[in-house]
Amino acid sequence: MNILLIGSGGRENALAWKMAQSPKCTKLFIAPGNAGTKDYGTNVALNPNDHAAVKQFLLNEKIDLVVVGPEEPLVKGLHDAILADEKTKNIPVIGPQQHGAQLEGSKEFAKAFMMRHNIPTAQYKAFTKETVADGEKFLETLKAPYVLKADGLAAGKGVLILENLEEAKAELREMLSGKFGAASTTVVIEEYLSGIELSVFVLTDGKSYVILPEAKDYKRVGEGDTGLNTGGMGAVSPVPFAGKEFMQKVEERIVKPTVAGLQKDNIPYKGFIFIGLMNSDGDPMVIEYNVRMGDPETEVVIPRIESDLVDLFEAVAENRLGEKSIKVSDKTCTTVMMVAGGYPGDYKKGDVMTGFEKVDGSILFHAGTKVNEAGQVVTNGGRVIAVSSLGTSKDEAIAMSYKNVEKIAFEGRYFRRDISKDLDKYYK
């Protein structure tokens, strides 16, 4: 089949790498793609938010399946636009319609969904500019630290965790005054959950589901989880503190009621559900939902999946995912994200990258890269490239990732040297 994959990051490079291996994949197009995705298909200069252009492309190239990588096109209704057109409505899309995409597009929508379906999560309340005084009073009822979340999409920057009550009140006023633009016209305040985080991924056709490998990512830019939040500096799968008993709790208490809740609420859903979890003394609590795969978690989850991904997508499209099971490698996969100097603050683009041909034993998943007019691979984003490795142990995998990180050069490159170190105590 002819497939269009939407997106341009490391997640999409990993999906392209995997889908291109399927005998069911005839032609793969990636819009807009990056310097890595071009090795697995054809990059096309297409704006995913230009629905008319996307639909025309689907018809011109006789596309049989659309896979949407990032959340923004889903929240902006790309799936709905394809369904609403008589000429394209029968082309299946992996990724929810706008209604279901609110699980990520609106924190308030997601929290209300969890409460309605008895899915374990932190207590919360939502506030607007008109109810800011009530928000300040609600903060006074909570213990520090205080969690404030912009309701809408804020490019991963809309969550603040503050230790000081007065500072939390000031930030609430600032957020409601437009700190994150339209994303923070509503702010969700919730109780702080303590524990250790992990991500669980589900693929569903709206009725049946398969649970993909879980992963742990590293959000802070500095070693020892210090410094500013980023889109993710590395990841590990499987997660040693998420054993069989814990994952059974996740399935029974969270995955099943989530899929059942979508059905009860008449929310059609075909695609990924990313469940951000806290392991709180052995009990899973939901921090957030995303409506796509995580990044850089995809770069460790996808290499562990031994099943044909296109075959699974086809089953989702045809409402027969219940017939499928998923085969997962028992190896550990690690990824280290190499980023541009200065990220997540100001950083430069266009620096020439070298050393790809020296890499051995790892898979390179490009994130912020492109090919310049001279045919060179150059940096084109803050998070530049993920170096993923499979190993019979976590130590073997991470050693391989770091060995190959050293072979890739570009000006100002930076990476964390402690990815996975915090997990060492769980392997003893």
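# A first look at R173, the cores and the open spaces

R173 is partly exposed, with a relative accessible area of 39%; here buried means under 20% relative accessible area, exposed over 50%, and partly exposed in between, using a 1.4 Å probe and protein chains only. Welcome to a predicted model, in which local features need pLDDT of at least 70, side-chain atom pairs count only at pLDDT 80 or more, and totals for chains, interfaces and linings use all residues. Residues are numbered from 1 along each chain as its sequence is written, and side-chain values use heavy atoms, with hydrogens and water left out. Helices (H or I, at least four residues) and strands (E, at least two) are DSSP runs numbered from the N terminus.

**Two residues to start with**

- R173 sits in helix α8, residues 165–179. Leaving aside residues up to four places away in sequence, R173 touches V132 and E136, where contact means heavy atoms within 4.5 Å.
- From R173 to K256 there are 83 residues in sequence and 38 Å in space, C-alpha to C-alpha.
- L212 belongs to the loop between β11 (209–211) and β12 (216–217). With 4% relative accessibility, L212 counts as buried.
- Around L212 are F201, F272, M293, V301, I305 and I326, all touching it and not counting residues up to four places away in sequence. V200 is 12 residues from L212 in sequence, and their C-alpha atoms are 7.2 Å apart.

**Nonpolar cores**

- The largest nonpolar core holds 109 residues, and L4 and M19 have the most contacts inside it. Such a core is a set of buried Ala, Val, Leu, Ile, Met, Phe, Trp, Tyr and Cys residues joined through side-chain atoms within 4.5 Å.
- A second, separate core has 18 residues, including F138, F180, A183 and I189.
- L4 touches F29, A31, V44, L46, V54, F57, L58, I63, L65, V66 and V67, not counting residues up to four places away in sequence.
- As background, nonpolar side chains tend to be buried together in soluble globular proteins.

- In helix α2 (residues 51–60), the buried residues are H51, V54, K55, F57 and L58. They lie on the same side of α2 because they cover an arc of only 160° around the axis, the arc being that of the directions from the helix axis to the C-beta atoms.
- The face turned away from that buried side carries the exposed residues A52 and N60.
- What do the buried residues of α2 pack against? Their partners are β1 (2–7), β2 (27–32), β4 (65–68) and α4 (78–84).
- K62 lies in the loop between α2 and β4 and is exposed, with a relative accessible area of 63%.

**Helix α6 and the largest cavity**

- The buried residues of α6 include K107, F109 and A110. Those buried residues pack against α5 (98–105), β6 (124–128), β7 (146–150), β9 (186–190), α9 and β17.
- The largest cavity contains about 60 Å³ of space. On a 1 Å grid over the protein atoms alone, a cavity is a set of points where a 1.4 Å probe fits but cannot get out, a pocket is an open set with protein on both sides within 12 Å along at least five of seven lines, and lining residues have an atom within 4 Å of a point.
- The elements giving two or more residues to the lining of the largest cavity are α6 (107–116) and β17 (283–290). The largest share, four residues, comes from α6.

**The second largest pocket**

- The second largest pocket has a volume of about 280 Å³, the volume being the space filled by probe spheres set on grid points joined across faces, edges and corners.
- Of its 21 lining residues, H79, L83, Q97, P268 and K270 are the closest to its centre.
- α4 and α9 (244–264) each supply at least two residues of this lining.

**Backbone details**

- Most residues other than glycine have a negative phi, and most peptide bonds are trans.
- K62 has a positive phi near 50°, and N319 has a positive phi of about 55°.
- The peptide bond from S237 to P238 is cis, with omega near 0°. A cis bond also joins D295 and P296, with omega about 25°.
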